[in-house]
Amino acid sequence: MHPRIEDYALIGDEQTAALVGRDGSVDWLCLPRFDSAACFARLLGDEEHGHWRIAPKEAGPCTRRAYRRDTLVLDTEWDTPQGSVRVTDLMPQRDRAPDVVRVVEGLSGRVTVRSTLRLRFDYGSIVPWMRRSGGHRVAVAGPDSVWLRSEPAVRTWGEDFGTYSEFTLAAGERVAFVLTWHPSHQPRPPLVDPFAALRDSVADWRRWASRCRYRGPHRDAVVRSLITLKALTYAPTGGIVAAATTSLPEELGGVRNWDYRYCWLRDSTLTLGALLAAGYRKEAEAWRDWLVRAVAGDPADLQIMYGLAGERRLPEFELPWLPGFAGSAPVRIGNDAVRQLQLDVYGEVMDSLSLARRAGLPPKPHMWSLQGVLLEFLRSVWRQPDEGLWEVRGGRRQFVHSKVMVWVAADRAVRTLEESPELPGDLDGWRALRDEVHREVCEKGYDPARRTFTQYYGSRELDAAVLLIPRVGFLPPDDPRVIGTVDAIRAGLGQGGFVRRYDTDSDTGYEAGGTSIDGMPGGEGVFLACSFWLADALHLTGRTKEARELFERLVGITNDVGLLSEEYDPVAGRQLGNFPQAFSHVGLVNTALALFGSDEAG
């Protein structure tokens with residue numbers, strides 16, 4: 001059987017990440033960056049597309065596994081008739097080159113362990129040339145070179161385009177493997193001491209986790225979410241990728257498979273707030289700085305997402321040789337949604353920079369002038385339809401959430417000028433824009449008969465994104481229109497105690513050719529970030545008991561090591577979508593802080 005999405009755990013070095021299955025196999029790893037081509041792509045295919053498994057010989061899934069407390073160091077253990085063994089996986093903080101360190105330790109008895117390495121560069125399509133060099137196995141193909149060694153040396157051989165090792169361990173004995181990537185035209189980088197790397201990684205992660213200010217219920221889940229966000233951060237620039245993977249399906253066997261190894265502006269305010277409130281100002285400042293660099297330039301060219309360093313071109317194409325996770329094709333690289341118009345991102349940028357200013361982050365040169373230019377451009381285009389927060393591919397609409405975020409952009413600019421009157425800006429004009437947008441949304445985006453805000457002007461469809469209306473301050477939580485919207489979304493988009501982001505089955509009010517408003521066939525699971533937003537909205541509207549019950553359900557569907565994907569199938573009990581998902585973990589942190597802590601970010 002193909003592993004489930006929730007069968008995986010994450011290791012990483014804040015420049016890339018690997019997924020490790022319950023069977024001890026590394027099935028996904030892109031080198032040297034999150035968005036590089038994968039050298040292990042079994043996740044989206046089979047063993048011949050690349051993987052690295054270390055486990056007791058002829059053993060199946062592990063007996064147990066867990067991260068070491070407050071770290072990204074993974075322990076996987078097997079109990080066999082011959083004894084017990086542990087494999088510890090990590091990626092140490094990078095000096096020059098990325099390393100994967102796997103330490104195998106005998107716990108009891110005498111256990112024979114086998115390592116099976118199949119390197120397949122370029123997403124499983126290229127078998128490298130293998131050679132020996134001074135106790136190493138060296139793989140080379142085109143620009144990629146990988147070195148494998150063990151300490152101490154163990155019997156290793158090549159067979160069927162794979163590299164195998166086999167050895168027997170008694171209690172207390174250890175063998176460490178190190179896999180190192182570097183550009184093939186450069187000399188091999190310095191060797192890393194695997195045992196020192198393990199010791200230092202545990203200490204470094206625990207030191208970092210100890211800064212978390214949250215002390216409420218489910219602290220372990222909050223810390224795990226924060227560690228996951230840290231692991232999804234591209235340290236050289238401060239950008240945070242949406243997920244470590246591409247093309248994990250939103251519907252098993254379906255076509256809703258997207259590349260999430262980029263940085264989305266839609267996540268910016270919620271991510272910044274989570275980092276600040278939890279006590280991670282350095283990381284929040286790095287994310288703010290990435291944001292300012294990424295959006296610099298002509299405001300007409302603002303994108304919804306960027307590459308790890310702010311790259312703008314992310315062309316989308318398909319990999320026909322990969323069958324996809326559980327047969328879910330196509331596998332896509334890049335993301336064409338980068339070319340969409342989404343008016344909400346202007347509000348996200350303005351809200352993020354406003355939050356950073358209120359939190360006391362050091363200002364950046366020209367930041368306010370950039371905000372002024374963005375708002376002036378938005379004033380000229382805000383009436384246009386757009387593709388909206390959910391990146392629909394079924395045509396532009398007057399999405400209510402997009403207009404609400406236009407209001408947010410104007411509101412944050414007005415508030416900034418009111419608090420800092422020495423700054424330049426068109427205060428009266430921006431107030432007028434704020435009031436005009438507010439009136440229009442309330443007139444055209446609200447259905448008084450059903451007592452709810454809708455997905456877009458004139459529609460009867462619902463959209464969980466409007467759950468953010470009280471959070472962003474568009475209306476107070478006790479406004480009957482807010483309460484009615486929360487109730488309508490629970491009733492209309494609720495499923496299995498969670499919430500979908502919109503109805504993928506309906507085509508009311510537009511021409512869709514047999515597809516939903518997002519232009520895609522098929523459906524998807526409940527959306528976990530939206531389910532956290534529902535918990536927030538319930539809490540804001542005075543239904544804290546129900547909010548906490550929903551939060552408990554959401555924490556309950558994290559996998560055995562505390563990770564969440566983008567979506568969840570409550571019928572099958574399966575996680576869906578790219579994994580682990582930053583948006584879901586940001587939601588967990590923010591909802592925990594709202595329900596049980598104090599938001600010190602202001």
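Colleague: Which residue is the bridge partner of S115 in β14?

Modeller: Two strands pair if DSSP finds at least two bridges between them; strands are DSSP runs (E, at least two residues), numbered from the N terminus. In this predicted model, S115 of β9 has S165 in β14 as its bridge partner. Strands β9 and β14 (residues 162–170) pair in the antiparallel sense over eight bridges. The model's local features need pLDDT of at least 70, side-chain atom pairs count only at pLDDT 80 or more, and totals for chains, interfaces and linings use all residues. Residues are numbered from 1 along each chain as its sequence is written, and side-chain values use heavy atoms, with hydrogens and water left out.

Colleague: How many bridges join β8 to β9?

Modeller: Eight bridges join β8 (residues 83–90) to β9, and the two run antiparallel; S84 stands opposite S108 there. Strand β15 (residues 174–183) also pairs with β9 in the antiparallel sense, over seven bridges, with R174 as the partner of E105. Strand β5 (residues 51–56) is joined to β9 (residues 99–118) by six bridges, again antiparallel.

Colleague: Where does the charged end of R102 sit?

Modeller: A charge sits over a ring if NZ of Lys or CZ of Arg is within 6 Å of the ring centre and within 35 degrees of the ring normal. The charged end of R102 sits over the ring of W52, 5.1 Å from its centre. Likewise, R188 lies over the face of W147, at 5.5 Å from the ring centre.

Note on methods
Helix = DSSP H or I, 4+ residues; strand = E, 2+ residues; numbered from the N terminus.
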